[in-house]
Amino acid sequence: MGWLRDWKRRRVLERHRIDDALWKRAQKYLPFLKGLSADEERRLREMAVIFLAEKEFTPVRGLKLSDQDRVEIALQACLPVLELGLDWYNGWVGIVVHPSDFKVERTQTDEDGVVHEWKDELAGESWPGGPVVLSWEALDDAGSVPEGGANVVIHEFAHKLDMLSGEPDGVPPMPTRDARERWIEVFDAAFDRFCGDIEAGKETFLDPYAAEHEAEFFAVASEAFFESPNALKREFAGLYGLFRDFYRQDPAGRLDT
Ligand SMILES: [Zn+2]
């Protein structure tokens, strides 16, 4: 059914576009959108239009989303898949947006059969095969952290890419077995070094939350890759190389952060 989807997408592009005023405002609030070539910018804007047509936004708890809000979320979500293609986000449609960080109830049963229940406060969440959940308040942090980056949209969509190859584990789909083995080797070394720094009480360039799990390390490092790529390249050169090959982008060449 590829032809039908392509036809629908062409129809969407014939009828809709992100006008220059919306794009300029988005660039002002999202400085990491700068440095794209004219061709990359055109493709990102088109991809965001299709994203807006294919995904379904659900603001909750009284939140209202403006066109600008939707466009900014779409542009940030599309940036990581600019060279991979929007089909990497197939299989789900929902984007739920809370006005602020939200509480979720968690339960886990340990090996003794004891059920633990607790509440987590989250800025975002990604469900396998289900929606991406975002906090509108957390969206405001995008582009605001000079080193390390902070971007809840890129974070949650990186989880989506990770989950395409099963359980979230920091290993997104790889083209070959060799590539997968190489990824695990370089990625794990970077993750271990980072966790060691956290345990030693060292100041780290990435958010310490990244030490929670390999999946979080991948999502947090992806934020840095797109927002402060030069800093990531300095701190984790090997990891930067993996991300450059995976995302097929070299943001350090287009940004000076
Ligand atoms: Zn996460």
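This is a predicted model: local features need pLDDT of at least 70, side-chain atom pairs count only at pLDDT 80 or more; totals for chains, interfaces and linings use all residues.
1. Strand β3 covers residues 102-109 and strand β4 covers residues 115-122. The two strands run antiparallel to each other and are joined by eight bridges. Within this pairing, T107 is found opposite E117 of β4.

2. Five residues separate the two strands, and the arrangement is a hairpin. In its turn, G113 adopts a positive phi of about 80°. When examining the strands, the student may recall that side chains in a regular strand alternate between the two faces of the sheet.

3. In total, 10 helices and six strands are present.

4. The overall dimensions may be considered next. Along the principal axes, the C-alpha atoms occupy a box of roughly 55 × 40 × 40 Å. The radius of gyration is 18 Å, which agrees with a compact globule, because a globule of 257 residues would have a value near 18 Å.

5. How much of the chain is buried? Of the 257 residues, 47% are buried. As for contacts with a separation of 6 or more, 64% are between residues 24 or more positions apart.

6. The chain carries 32 positive and 50 negative side chains. The centres of these two sets are 9 Å apart.

How values were computed:
Residues are numbered from 1 along each chain as its sequence is written. Side-chain values use heavy atoms; hydrogens and water are left out. Helices (H or I, at least four residues) and strands (E, at least two) are DSSP runs, numbered from the N terminus. The radius of gyration is taken over C-alpha atoms; the globule rule is 2.2 Å times the number of residues to the power 0.38. Buried means under 20% relative accessible area, exposed over 50%, partly exposed in between (1.4 Å probe, protein chains only). Contact means heavy atoms within 4.5 Å. Lys and Arg count as positive and Asp and Glu as negative; His and the chain ends are not counted. The place of a charge is taken as NZ of Lys, CZ of Arg, CG of Asp or CD of Glu. Two strands pair if DSSP finds at least two bridges between them.
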